[in-house]
Amino acid sequence: VSTVAIASGKGGVGKTTLALNIALAFARRSWKTLLVDTDPLGGVGRSLGGTTTRAGGLVEYINGTAGLGGSVLHTREKELDLIPFGNLPAAQLASWMAAASDPNHFRPVLAECSATYDLVLVDTPSGLGGPTAGVLGCADHLVIPLQAEPLALRTMPLIVEAVAAVRAAGHPIQIAGLVPAMVQTRNEVSLAALQEAFRLFPEDTVLEAFVPRDPIFLDGSAKGVPVGLLRRRSPPVATVFDQIAAELEPRIGLSEEEDYEPQPLVD
Ligand SMILES: Nc1ncnc2c1ncn2[C@@H]1O[C@H](COP(=O)(O)OP(=O)(O)OP(=O)(O)O)[C@@H](O)[C@H]1O
Ligand SMILES: [Mg+2]
């Protein structure tokens with residue numbers, strides 16, 4: 001079982017959008033998937049699970065007032081469960097964030113989740129401290145959304161250095177891939193940033209599948225729902241997350257990259 005962190009350092013690059021939408025894609029590819037929200041301001045589970053107020057979440061799970069069962073939200077999608085952030089009084093936020101920078105804050109609960117699911121995806125808040133640091137210190141793999149614009153590219157060394165520091169300290173987290181996000185296929189500056197990313201990073205670091213910029217994601221974020229569940233007929237853009245999930249599978253140890261012999265269409 002792999003634990004996969006979604007993190008970027010830079011805020012607003014599409015982490016939560018990527019996490020929520022690939023969680024659905026992996027679940028539809030029949031992996032028993034859990035999405036964990038470590039962002040105090042995160043909206044994962046806000047409406048997917050149906051109920052708005054509930055007893056538990058990650059906060060309660062970690063402090064022991066709820067078990068895994070009391071923290072998990074089952075979704076309408078058979079193989080997809082969520083752990084929302086939970087309830088934390090504003091006065092305790094600063095001390096929780098500080099404690100969360102220690103990997104031991106998450107390790108026991110993520111280990112228990114890993115025993116129950118095929119895949120545990122962990123969404124993180126912006127910034128490299130707090131929960132992001134804690135999660136990087138115990139996750140197996142890291143997926144980084146790469147916003148296709150020049151400024152976002154310039155902030156990439158920060159997260160790459162953070163990963164190098166975690167590895168140097170003895171935790172062998174691996175970068176599974178950079179997923180181009182908010183790509184504007186008709187904008188030269190956006191495309192140039194993407195080209196630059198392919199040039200800067202070692203071959204195969206940047207995925208071929210990408211998330212285009214599309215106003216439908218605003219609607220998805222507002223409702224806390226993957227775009228594949230927004231309309232009666234899944235919008236065309238939802239298919240990119242199946243491609244991203246397929247490309248990530250061998251990189252996060254879910255499947256072997258096997259030799260595939262093309263099948264003849266007729267015998
Ligand atoms: N591909 C996209 N096209 C258009 N808008 C997008 C796209 N991806 C995300 N957005 C929008 O950009 C905003 C930020 O996205 P999102 O919340 O996924 O980023 P984030 O990295 O999780 O942010 P934070 O660092 O605050 O957690 C949201 O309003 C979202 O709807
Ligand atoms: Mg987010």
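## The ligand pocket

On a 1 Å grid over the protein atoms alone, a pocket is an open set of points with protein on both sides within 12 Å along at least five of seven lines. A molecule sits in a pocket if more than half of its atoms lie within 2 Å of its grid points. By these rules, the space taken by ligand 1 is the largest pocket. Helices here are DSSP runs of H or I with at least four residues, strands are runs of E with at least two, and both are numbered from the N terminus.

## Basis of the model

This is a predicted model, in which local features need pLDDT of at least 70, side-chain atom pairs count only at pLDDT 80 or more, and totals for chains, interfaces and linings use all residues. Residues are numbered from 1 along each chain as its sequence is written, chains are lettered from A and ligands numbered from 1 in the order in which they are written, and side-chain values use heavy atoms, with hydrogens and water left out.

Polar contacts are pairs of N or O atoms within 3.5 Å. A ligand oxygen is 2.6 Å from an N or O atom in the Ser221 side chain. A ligand oxygen is also 2.9 Å from a polar backbone atom of Gly12. A ligand nitrogen is 2.8 Å from a polar backbone atom of Pro212. On its own, ligand 1 has 620 Å² of accessible area, and the protein covers 78% of that (Shrake-Rupley method, 1.4 Å probe).

Strand E1 (residues 2-6) is largely enclosed by the rest of the structure, because 5 of its 5 residues are buried (under 20% relative accessible area, 1.4 Å probe, protein chains only). Ser2, Val4 and Ile6 point one way, Thr3 and Ala5 the other.

E1 pairs in the parallel sense with strand E5 (residues 119-123) over 5 bridges; pairing takes at least two DSSP bridges. E1 also pairs with E6 in the parallel sense, over 3 bridges. Ala5 stands opposite Val122 in E5 and opposite Leu142 in E6. Strand E6 (residues 141-147) in turn pairs with E7 in the parallel sense over 7 bridges. There, Gln147 stands opposite Ala181. Strand E7 (residues 174-181) is mostly covered, with 6 of its 8 residues buried.

Notes. Buried means under 20% relative accessible area, exposed over 50%, partly exposed in between (1.4 Å probe, protein chains only). A polar contact is a pair of N or O atoms within 3.5 Å; within protein, one must be able to donate a hydrogen and the other to accept it, and residues adjacent in sequence count only if both atoms are side-chain atoms. On a 1 Å grid over the protein atoms alone, a cavity is a set of points where a 1.4 Å probe fits but cannot get out, and a pocket is an open set with protein on both sides within 12 Å along at least five of seven lines; lining residues have an atom within 4 Å of a point.
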